[in-house]
Amino acid sequence: MRFERLLIPAFGPFTNFDIRFPSAVSDLHIIYGSNEAGKSSLLRAFRDLLFGIHGHSSDNFLHDYKDLRIVGEVNNRTGERFIFQRRKGNKNTLLDNDGNPIPETALLPFLGSVDISYFSTMFGLGARELRDGAEQLLRGEGDMGNAALQHLHREIGRAFVLADR
């Protein structure tokens, strides 16, 4: 899945915020800014658009819960385009472009096997996730810790093979 656009009518510090991700040969977009610029809120908006706005979201400090809304435009590997919305609520929170409820399965052709845990680990690294990941690495736990230990094990194995020569 590739994001083309993220429109945030009302979420966290954002009101009618619109960001586009133009396609290019080197198709990497990095979002950066000073402290309190909204980077973490923007990351939560991506996550919550895909997987739902948390029941106890703290992103209602500017907008009422009932008004929280995020809109996304994505493409999948086959080039299929999908424009959808997410609203805060307990059911029917995934909406089509016109605001009509659609099943959560409508995202499957775009998400594939990516769930909220995978998304957060691989694509949604904020300051808290980086700290948690570093702690997991030090304990040899979690996805990042397991990957690091596997890499270390391979490297030690190679070093012994080279030493035997």
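**Close-up views of a predicted model**

**View 1. E36 and its backbone angle.** With a relative accessibility of 81%, E36 counts as exposed, where exposed stands for over 50% relative accessible area, buried for under 20% and partly exposed for what lies in between, using a 1.4 Å probe and protein chains only. The model is predicted, so local features need pLDDT of at least 70 and side-chain atom pairs count only at pLDDT 80 or more, whereas totals for chains, interfaces and linings use all residues. Residues are numbered from 1 along each chain as its sequence is written, and side-chain values use heavy atoms, with hydrogens and water left out. E36 is found in the loop between β2 (14-20) and α1; helices (H or I, at least four residues) and strands (E, at least two) are DSSP runs, numbered from the N terminus. Although E36 is not a glycine, its phi is positive, at about 65 degrees. Most residues other than glycine have a negative phi.

**View 2. N92 in the loop between β4 and β5.** N92, which is not a glycine, has a positive phi near 55 degrees, and at 45% relative accessibility N92 counts as partly exposed.

**View 3. The ring pair of F51 and F119.** A search of the whole structure finds six aromatic pairs; rings of Phe, Tyr and Trp (its six-membered ring) pair if their centres lie within 6.5 Å, and planes under 30 degrees apart count as stacked, over 60 as edge-to-face and the rest as tilted. The centres of the F51 and F119 rings are 5.8 Å apart and their planes stand at 55 degrees, so this pair is tilted. The pair links distant parts of the chain, since F51 belongs to helix α1 (residues 39-51) and F119 to helix α3 (residues 116-122), 68 residues apart. F51 counts as partly exposed at 23% relative accessibility, whereas F119, at 8%, counts as buried.

**View 4. The ring pair of F82 and F110.** Here the ring centres are 5.1 Å apart and the planes are at 15 degrees, so the pair is stacked. Because F82 lies in strand β4 (residues 81-87) and F110 in helix α2 (residues 108-111), the pair ties together parts that are 28 residues apart in sequence. Both F82 and F110 are buried.

**View 5. The ring cluster of F3, F21 and F46.** Ring pairs link these three residues, F3, F21 and F46, into a cluster.

**View 6. K88 over the face of Y65.** K88 lies at 4.8 Å from the ring centre of Y65; a charge sits over a ring if NZ of Lys or CZ of Arg is within 6 Å of the ring centre and within 35 degrees of the ring normal.
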